[in-house]
Amino acid sequence: MKKQIQILIAAASLVGLFATQASFAAGNIAAGAEKSKACEACHGAGGNAPTTPDFPRLAGQHADYLDKALRDYKSGARKNAIMASQVEKLSRQDLQDLAAYFASQSGSLTTKR
Ligand code: HEC
């Protein structure tokens, strides 16, 4: 009985792992590139903002981090008036596409293979 429960727990966590990976892969880079035009004014072309402490560089950042940041601005968990207004009308898919696009870009602080 105990063994069966252990197997069940292991199986359940594997399903969770695959579900998580699938959600990271859900962003479409090409669609994100199109949607990113609205972000360029502050975050620079391809997410490489000019050197200023005001606007973070998004290029090369991890997609899951970007996705989480965008979801938090949308939910209000992360408070910033500028970014809240940017994500207000964006869908879950938009956020994933944007995260995938910026993660795929080479940043001045990161290297991409
Ligand atoms: C009007 C300027 C402006 C525009 C346009 C803008 N942002 Fe931002 N963004 C900011 C500022 C300012 C911050 C820093 C906010 C903070 O301190 O939380 C920020 C932060 C972020 C962060 C968090 C970065 C980090 O390192 O935690 C992400 C992700 C982000 N923006 C994505 C976007 C995306 C995607 C778009 C386009 C849909 C966009 N931004 C458009 C000004 C802007």
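Visitor: How far does a polar side-chain atom of Tyr73 lie from an oxygen atom of the ligand?

Guide: Keep in mind that this is a predicted model. For the polar side-chain atom of Tyr73, the distance to an oxygen atom of the ligand is 2.7 Å.

Visitor: Which residues donate to the iron atom of the ligand?

Guide: His43 has a polar side-chain atom 2.8 Å from a nitrogen atom of the ligand, and both His43 and Met83 are among the residues that come nearest to the ligand. The protein donors lie 2.0 to 2.2 Å from the iron, and they are His43 (NE2) and Met83 (SD).

Visitor: What arrangement do the 6 donor atoms make around the iron?

Guide: For six octahedral donors, the ideal angles are 90 or 180 degrees. Here the 6 donor atoms subtend angles of 88 to 178° at the iron, so the arrangement is octahedral.

Visitor: How many residues apart in sequence are the parts that His43 and Met83 tie together?

Guide: His43 belongs to helix H3, while Met83 belongs to helix H5. The pair therefore links parts whose separation in sequence, in residues, is 40.

Visitor: Which helix supplies the largest share of the shell around the ligand?

Guide: The ligand sits in the largest pocket, and its shell divides into 15 nonpolar, 3 polar and 2 charged residues. Helices H3, H4, H5 and H6 each supply at least two residues of that shell. The largest share, 4 residues, comes from H4.

Methods
Residues are numbered from 1 along each chain as its sequence is written. This is a predicted model: local features need pLDDT of at least 70, side-chain atom pairs count only at pLDDT 80 or more; totals for chains, interfaces and linings use all residues. Side-chain values use heavy atoms; hydrogens and water are left out. A residue is near a molecule or strand if one of its heavy atoms lies within 4 Å of it. A polar contact is a pair of N or O atoms within 3.5 Å; within protein, one must be able to donate a hydrogen and the other to accept it, and residues adjacent in sequence count only if both atoms are side-chain atoms. On a 1 Å grid over the protein atoms alone, a cavity is a set of points where a 1.4 Å probe fits but cannot get out, and a pocket is an open set with protein on both sides within 12 Å along at least five of seven lines; lining residues have an atom within 4 Å of a point. A molecule sits in a cavity or pocket if more than half of its atoms lie within 2 Å of its grid points. Ala, Val, Leu, Ile, Met, Phe, Trp, Tyr, Cys and Pro count as nonpolar, Asp, Glu, Lys and Arg as charged, and the others, Gly among them, as polar. Donors are N, O and S atoms within 2.8 Å of the metal (3.2 Å for Na, K and Ca); water is not among the atoms, so sites may look incomplete. Four donors count as tetrahedral if all angles lie between 85 and 135 degrees; four count as square planar and six as octahedral if opposite donors are over 155 degrees apart and all others between 65 and 115; anything else is irregular.
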